[in-house]
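Colleague: I've just opened this one and I'm new to it. Can you walk me through it?

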Amino acid sequence: MDIKSLRLVELEEEFKLHNEKSFRAGQVYQWMHEKLAESFDEMTNLSKELRGKLKEKYVYTRLKALQVQESKIDGTKKFLFELGDGNVVESVWMQYKHGNSVCISSQVGCRMGCKFCASTLDGLERNLTASEMLEQIYAITRITGERVSNVVVMGTGEPLDNYDNLVRFIELLTDENGLHISQRNVTVSTCGLVPRMYELADEKLQITLALSLHATTDEKRKKLMPIANRYSIKELMEACAYYFKQTGRRISFEYSLVGGVNDTDQDAAELAALAKPLNCHINLIPVNPIKERDFVQSDLRRIQAFKNNLEKNINNVTIRREMGRDIDGACGQLRRKHVTAISDNGGTDCV
Ligand code: SAH
């Protein structure tokens, strides 16, 4: 059993079942989620005997950083982590004026197939557990020695395709007995799995939901995102309205600008028309090129004109700063890697 994915009440139940005092569960929980202990051995206020028992019974999820790359442009750091079964995932640490932000992966690979995204090129290997999502943040906190204040689930994977683990992860991350990150500082990005958006709305979490829209007509969206064959834009907008109704949280639209594909004045007018009734925020992302595809960024003047057009009707429009592009750490540039060799100097070769 994966002890770090258990909620405090579940851990207390476990301890009761094994005739351990329930306050011991609280101590173990605090070591794992507040003090970010790397092993049971660090839990020095537990007896050696209890630590031994815990070691026998439970898996203690820990990620090993195989590689850390730092951007020369903006100080963004990209981490390559090894999971217990040898799979690897990437996470990104970004420094903003308002605090440190971590972008985590939710799956090993992805099966959504968005045309412009590198994370999906090799398909899906498996879901991440709640503890593997948490550990990306814990390990980065241990390594950088700095507190993380914002978490975005925008790395590799479709978080709503790993729904139960995602919700568990958010509960643990924002629990007052753990790192206690504010739910308002957590953003989950989805390509638009409509039934899951309704389910998430009903959880009534105070997180931000970001919808990867990228096109304003179903026809155009289908060319970029296969998921558009399943759910129409109309259905997406209804789900967004429901999310706002249930949570009071403003939705965020992500719109990657692809030169000559979705960046015309007409696209901007249609996007404004979709966004206006929802009172949402629009985040424009100049598409990051990936070598397997020939999508190009709109030029800077076009991006600015697109933004100006939107702003005639919408107040909240931003252009996302491209952090960590030189280390392939920007949106859509994380990929499913395979570790091929550990070299003599401790570095890792990845393909
Ligand atoms: N699966 C989720 C989260 C991961 S992607 C989702 O689809 O939302 C995070 C954001 O980066 C999404 O909006 C995604 O569409 C966008 N993205 C993917 N590839 C990109 C690229 N090459 N350039 C810019 N944005 C990209």
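Colleague: How many disulfides does the count come to?
Modeller: The count comes to 0 disulfides, where a disulfide is a pair of cysteine sulfur atoms within 2.5 Å. A disulfide is a covalent bond between the sulfur atoms of two cysteines. Keep in mind that this is a predicted model: local features need pLDDT of at least 70, side-chain atom pairs count only at pLDDT 80 or more, and totals for chains, interfaces and linings use all residues. Residues are numbered from 1 along each chain as its sequence is written, and side-chain values use heavy atoms, with hydrogens and water left out.

Colleague: Is Cys-114 buried or exposed?
Modeller: Cys-114 is buried, with a relative accessible area of 10%. Buried means under 20%, exposed over 50%, and partly exposed in between, using a 1.4 Å probe and protein chains only. Cys-117 counts as buried too, at 17%.

Colleague: New topic. Where does Arg-293 lie?
Modeller: In the loop between strand 11 (281–286) and helix 10 (300–311). Helices are DSSP runs of H or I with at least four residues, strands are runs of E with at least two, and both are numbered from the N terminus. Arg-293 counts as partly exposed, at 34% relative accessibility.

Colleague: Which residues does Arg-293 touch?
Modeller: Lys-115 and Leu-121, leaving out residues up to four places away in sequence. Contact means heavy atoms within 4.5 Å. As for Tyr-138, its C-alpha is 34 Å from that of Arg-293, and the two are 155 residues apart along the chain.

Colleague: Zoom out. How many helices and strands are there in the chain?
Modeller: The chain has 10 helices and 14 strands. Its C-alpha trace spans about 70 × 50 × 35 Å along the principal axes.

Colleague: What share of the residues is buried?
Modeller: Buried residues make up 55% of the 351. Of the contacts with a separation of 6 or more, 64% come from residues 24 or more positions apart.
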